[in-house]
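Hello,

Here is the structure for you to look over. My notes follow below it.

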Amino acid sequence: MSSVASGAIDHHHDSTTSTGIPNKKLLMWAFLASDCMFFGCLISTHLIYRLHPPAGTPAATQVFSIELTSFSTFILLMSSLMMALAVNAIQKGNLKSMRASLILTIICGLIFLGCQVYEFNEFVYVKHLTISNSILGTTFFTLTGTHGIHVLLGVIWLTSMLIYSYTGRLTEKDAIDVESMGLYWHFVDIVWIVIFTVVYLLEYI
Amino acid sequence: MDRNLHGRIPTRIHLILYKTMSHSAVANHDHGNEHSKFEIFVQLAMLLAVITGVEIITVYLPFSHTTLVTVLMVLSAVKFLFVIFIFMHLRWDKAFCTILFFIGMVLAGFTMWALLQVFSVSNSIPLSSL
Amino acid sequence: MADAITKSGFTAHDEKITARSSLFYRPQAKTGLMSWLTTVDHKRIGFLYGVFALFFFLVGGVEALLIRIQLAVPNNNFLSAQQYNEMFTMHATTMIFLAIMPLSAAFFNFIMPLQIGARDVAFPRLNAFSLWVFVAGAIILNIGWFMHDGAPNGGWFGYTPLTTRTFSPNHAIDMWVMGLQLLGVASIAASLNFITTIINMRAPGLTMMRLPVFTWMTLITAFLIVLSFPAITIALIELMMDRSFSTNFFEVSNGGMPILWTHLFWVFGHPEVYILILPAMGIISEILPTFSRKPLFGYPIVVFSGACIGFLGFGVWSHHMFTTGMGTVATAAFAMTTMAIAVPTGVKIFNWVGTIWGGHISMRTPMMFALGFIWLFMIGGLSGVMHSAAPADAQQHNSYFVVAHFHYVLIGGSLFALLAGIHYWFPLMFGRKVSEFWGKLSFWVIFIGFNTTFFPMHFLGLNGMPRRTFTYDPNMGWSNSNFIATIGAFILGVGVTIYFVVMVYTYFKGEKVKNDPWDGRTLEWSLPNPVPEYNYAVIPVVHARDAFWYQKQHKAEIEAEKAKAAKEEELHGGIHMPFQSLYPFIASLGLLIGGIGVSTMDSNPDPKVIVGKKLTVCFIGLAIFLYGVYCWALEGNEGYHIHLDNHGDDHKH
C-alpha cells in the first residue's frame, strides 16, 4: 500500500506476504498444479485408448504429419522465449520492449493455432479422421482441441494485456500481472511438450 | 537434477547452468544484469529447439521400443524441467513455488501411471480388441 | 429478515466514502440487497454460503424422507421407479455438493481469516465469484424438478453407459453435468483463494505449526479440491462430448470403455469424501480442547495425520470398484492402500480421546455433538475398514451395508461436527448463544433418530438388500428393518426441525452474550462481537499455538504490542479495505445463463439455421460472463481506508 521508491521495486519479493511470494504468483502456481491434474487425466484417457486399439482404427502414422507438427512445436517454443523476454522487459520498466515481445508471442501463438486448424481440417476432410468416427479421433481431437482452447484463451489474454499497455495504465509495478500471464503461457507450452511426445512421437516407434 | 545433467551434456548447457547458478547466489536482490538474463533465455530457446530436433530424429533410429521410449521420456522431461525452472523462474523463486507445482505434477504423474497400469493388465483388454 | 441481518453485526455504518476517482463506479451500499450482491467481505460471504447450505440441506432431507416413505413397506407405490431414481440421485448430489461442502465453506470463509489474524482472504472478489457460481450450479442442478425432463436420475456418480445419450436421452443428465461443472469451478476458485490466504496472509509470528487445526484442515481440504476436481471435470467433459458431439469415450460399439468413467469419477470421488470429513475433523479439533480446557493432544501428529489422509486419499479410489474385475494385482494394491489410510484416521481418534482425558469437561451442546462425532465416526470407520478387505467387499458392495457406512461417517461424522460448529461459533457470528436445553434436546433427538435409521441398515446390507432399488418383496425378510429405519428417519427429521427452529429463534431473540463465552483458545475469540467489518483493529502478533490463550495469560505484553502496532498501522495510512464489486455476480450470471442454454435447450435440427435459440442463449451468457470478467479486471483492486480513533470508532476515507 505504501508507495515504493522508483526503480527499487523488487519483483521477486513481496514484503507484505508471509512467505515473500506475491499473492498472484502463488495463486497461479497453485492453479497450474491443478491444471497438471486436468491435463494428466485427459492425456491418460488418450494413452489408455492407445493401449488396445480396436480393429479398424486408422493407423496414426498414416494420419499425422510429423513435419507440420514439428514446425508448430518449434513455434510454440519460440513463443515461450518471447513471453519470458516480455516479462523480463516489464520488470525493468521497459514498456516498448515488452510490447514488442508480446506482439511476437501473440504472432507465434496465432501461427500455432493456425497450424492446428489446418491440421484438423486435413485430418477431417483428407484423412477422414473425425471426432466421432473412431476412438482415436475422439481422444486426439478432444486432447489437442482442449490444449488449443487453452492456447486461444492465452492469446486473448495476451492481446488484452497488449491493448491495455497502450492506455498508459500499465507500468513496472504491474509486472506481476504480466508475470502471472507468462506462467500460464509457459504452462501451455510444457503441456504441448508432453503432448507432442506421447501423442505424436510415440506413434512412430 | 543438475548433478544428473552435468555429466553428459555439452558446453552450452554448462554455460546456462553456470550463469543461472552464479545468479542464484546473488539470490533475490540482484537479478543479474539484463544482458545475461536475455542471453540465458535465448540460449535456452535454442537448446530446446535442438532437443526437439533430436527427439524427432530419435523416432527413426533402429533401437528397441523400450530404449526409444525411455530416450523420448528423458528428453521431454529435460525440456519440461528447463522451461519450468528457467522460463518460469522457479530456479530463482522461493522454494515453496516449486513444491506447490511439484505436488500437482507428481500426483498427475502417479495417477497417469496407476491408470495405465490398471488398463494394461489382461483383465482390462476390451473384448472388441481381442 | 434483512433488517435483522444488517443489525446482526458484520456490516459497517452506512457512511459515504470519499473514494479516489476511478474509471468504474464502486458500489458502496452497506445495507440492503445490493450490499449482499456486491459484498466482498468474507464474513458475509460465509454467511451466505451457510444460508444456502442449510436451505439445500432441508431440500435433501425432504428427498430422503420421500425415499424412506417409499421403502417403509414392501411393494410400495408411493414413488414410481423413475421418481425414486430422481430422489436418490438428487438426495446424494444435494447433500454432498449443496449442503455439506458449502456448509464447510461457510466456516472456511467466516472463521479461517479470523484464525490467522487476517482482515479478509487474498482475493475478495474471487471469493464472491465462487459464492455466486456455486448458486448458479445449485440452480442448474435443481432446475430439472420444474421441467418436463425431470431432475437428474443417473445416481450421484453418473455411471456410464446409463448416463450416455442412448440410455438417458433427455436433458436431465445434461443438467447434472453442467451443474457439477459450475460447482467445480466455484470450489476450485475458492480453494485457490484459501491456499493463498493461509500460506501468505498469516499474522506475524504465526508459523505453520502454530496454526489452529481448523485452519490446517482448511488448507489440506483446499489442496484436495484443487487436485481432485480436475479428474471429474475431465470425466464430465468426456461425458458431455459423448452426449452432445457423438464422441466415443464411453461408446462401446466404437471402441469406448464405460469403465473409464468409473475410474475417473472415483479418482475425484474418493478425495471428495475426505474433502467432506477433514473440515469436520478440524472443527472437532477446536471444540474438544475448548470444552476440556486442555490443549489438543499431539498437535503435530494430528496435523500430520490430516496431511497423510489427504495424500493417501489419492491412492485408494478403486476400492469403489473391487467388483469390476480389475484383476488380482490391482485389487490387492488398492485393498492395501485402503487399509493403510485407516491408520492416520485412527491416530486422530486416539488424539481426540487423549485431549479429553484428564480434562475439565464442560458438557455444553457443542461438546455433545463433538463427542457424538467421535463415537459415530468411529463406527463408520469400522464398517469402512470392513469394506477394505476386497473379498468381504464382494458381498457388501452395492448393498445397504455401504449405505450404513457412509451415513455413519457423513451424518455421524461431517454433519454432527458442522452442527457442533454452528452452536460453537454462533456467539461469535451473531452475538447470541443457543439455549442449552433446546440445543441438547435437538442433539438427543437427532442422535436417536440417526442411529434408529442407519444401524439396522448394516444388517439389511449383510442380509442382501441392494442399493438404489425402489421397492422389495415382502418375503425377503427386510420389511421390519426398513420400517424401523423409516421411523428413525422421521425422528431424525423432527430432531433437525428442532435444531433449525432453535437456530432461527436464537438468531432473532436468543440470549445475548459478551465476547468469548466459552473461554476459547484461538484468535477469533479475541474479537468483539459483532465482529467489525475490518476484523482486527490491530493485527495481532502470535507467540504460541492457541494464540488467544497465550494472550490471556500475558495481558500486559499483548497490550504494549497492540499499542505499538496500532501506531505503525496509522503511519501506513490506516486499515485498508477492498471496495465492493458487482462484477463477480455479473460474471456468475453469465455462467448461469450460458449453462442453462447448454444443458436445458435442444439444438435446432434445421441445418439451414446456423444460430438457433440454444446457441443464442449460450452466446448471451458468454457475453455477459466476458463483460463481467473484463470489468472486474479493469476496475482495479483499489480500496479505501479506515482510521480508528481512541474509542475504536471508525472514520473512512
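Chain A and chain C bury about 2900 Å² between them, with carbon and sulfur atoms giving 69%. Buried area here is the accessible area (1.4 Å probe) that two parts lose on being put together, summed over both. On the chain A side, Leu27(A), Phe38(A) and Tyr49(A) lose the most area to chain C, together 18% of what that side buries.

This is a predicted model, where local features need pLDDT of at least 70, side-chain atom pairs count only at pLDDT 80 or more, and totals for chains, interfaces and linings use all residues. Residues are numbered from 1 along each chain as its sequence is written, chains are lettered from A and ligands numbered from 1 in the order written, and side-chain values use heavy atoms, leaving out hydrogens and water.

Back to the interface. Contact (heavy atoms within 4.5 Å) links 36 residues of chain A with 38 residues of chain C. Salt bridges between the two chains number zero; the rule wants a side-chain nitrogen of Lys or Arg within 4 Å of a carboxyl oxygen of Asp or Glu.

Now the cysteines. The whole structure has zero disulfides, a disulfide being a pair of cysteine sulfur atoms within 2.5 Å. Cys41(A) is too far from its closest cysteine sulfur for a bond: Cys36(A) is 11 Å away. Cys108(A) is in no disulfide either, and the nearest cysteine sulfur, in Cys115(A), is 11 Å off. Cys41(A) is buried at 1% relative accessibility. Cys108(A) is buried at 12%. Buried means under 20% relative accessible area (1.4 Å probe, protein chains only).

Best wishes

Notes:
Buried < 20%, exposed > 50% of the residue type's maximum accessible area, 1.4 Å probe, protein only.
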